[in-house]
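Let's take a walk through this one together. Have the viewer open and follow along.

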Amino acid sequence: MNIKQLTNVKSIYSPVKLISVFVTFVTLIGCSSPLKYEPRAQKPIASEKTNTSDFVKKSDCKTAYQIQSGDTLSGIAQKCAVSQTLLAQLNGIDRPDKIYIGQWLKVPSNKVGQPYSKSASQVDQIRRESREESSSRKVELASDSTWQWPTKTNLPYRWSKDANGISMLDIDGNIGDSVFAVAEGVVVYADDGIREFGKMVMIRHASGKLSVYAHASELLVTQNEKVTQGQEIAKMGATGMTVKPKLHLEARFLGKKVQLKPLLSN
């Protein structure tokens with residue numbers, strides 16, 4: 001090779017042109033590669049695995065579910081993987097907001113996305129249970145008339161009614177006044193998880209009814225505690241949605257408010 005040919009080779013393979021050729025080669029390789037995504041994008045994301053397992057765990061409601069603080073009917077239906085409509089129908093719930101903490105709901109056996117069908121025996125059983133509950137309710141409403149006054153009897157009070165004409169009671173007083181259990185029973189709720197009622201106690205009595213005491217400043221009992229009639233369970237207060245200290249008292253049965261006035265002795 002003579003000097004002129006050597007010079008031409010050096011000119012062709014100058015550093016700048018070599019770099020340009022290399023970049024072009026790499027680009028062509030990248031365009032023709034069958035790998036279109038980053039390898040890590042093909043791997044399952046850890047958080048997705050966790051969420052899936054959590055859902056499976058939460059949806060295992062078996063045949064019943066007890067309502068917790070913060071639950072909604074739609075949220076419970078999602079947790080239990082059942083139809084919200086069927087859940088409401090099975091438990092006689094005509095409005096989604098008519099549920100309370102501590103209430104037990106029957107969970108329908110079907111899962112979301114699966115056809116729902118009842119055999120004749122299942123239909124008969126549901127109807128029979130409904131009749132029994134209705135008859136039981138009439139008997140208990142008539143016999144359960146021995147609830148005592150929940151505060152000192154000299155405090156001012158007023159009866160009120162909700163949109164359905166159900167009677168409720170508000171007793172005015174001072175922060176720290178004693179609140180007493182209207183009858184013996186078991187505390188099913190003692191907390192402040194409902195903004196409207198503030199600190200609240202709910203007691204389930206032998207008849208199945210619940211007495212509800214709202215707006216307390218202090219709770220003196222805990223969940224699952226047995227109480228006797230006349231036992232001090234709370235101190236009157238102004239928590240929740242109220243502008244002055246008072247006790248708000250309601251009665252409930254089978255998930256619905258019932259008339260308080262006939263139950264309470266003056």
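In which strand is Lys246 found? Lys246 belongs to strand β11, residues 246-253, where strands are DSSP runs of E with at least two residues and helices are runs of H or I with at least four, both numbered from the N terminus. Keep in mind that this is a predicted model, where local features need pLDDT of at least 70, side-chain atom pairs count only at pLDDT 80 or more, and totals for chains, interfaces and linings use all residues. Residues are numbered from 1 along each chain as its sequence is written, and side-chain values use heavy atoms, with hydrogens and water left out.

Back to Lys246: it counts as buried, at 14% relative accessibility (buried is under 20% relative accessible area, exposed over 50%, partly exposed in between, with a 1.4 Å probe and protein chains only). Leaving aside neighbours within four places in sequence, Lys246 is in contact (heavy atoms within 4.5 Å) with residues including Arg158, Asp170, Asp172 and His215.

Another lysine, Lys209, lies over the face of Phe253, 5.3 Å from the ring centre; the rule asks for NZ of Lys or CZ of Arg within 6 Å of the ring centre and within 35 degrees of the ring normal.

Now the aromatics. Rings of Phe, Tyr and Trp (its six-membered ring) pair if their centres lie within 6.5 Å, with planes under 30 degrees apart counted as stacked, over 60 as edge-to-face and the rest as tilted. That rule gives one aromatic pair. The ring centres of Trp149 and Tyr157 are 4.8 Å apart and the planes sit at 70°, so this pair is edge-to-face. Trp149 is buried at 8%, whereas Tyr157 is partly exposed at 41%.

Zooming out, the protein chain has six helices and twelve strands, and 33% of its 266 residues count as buried.
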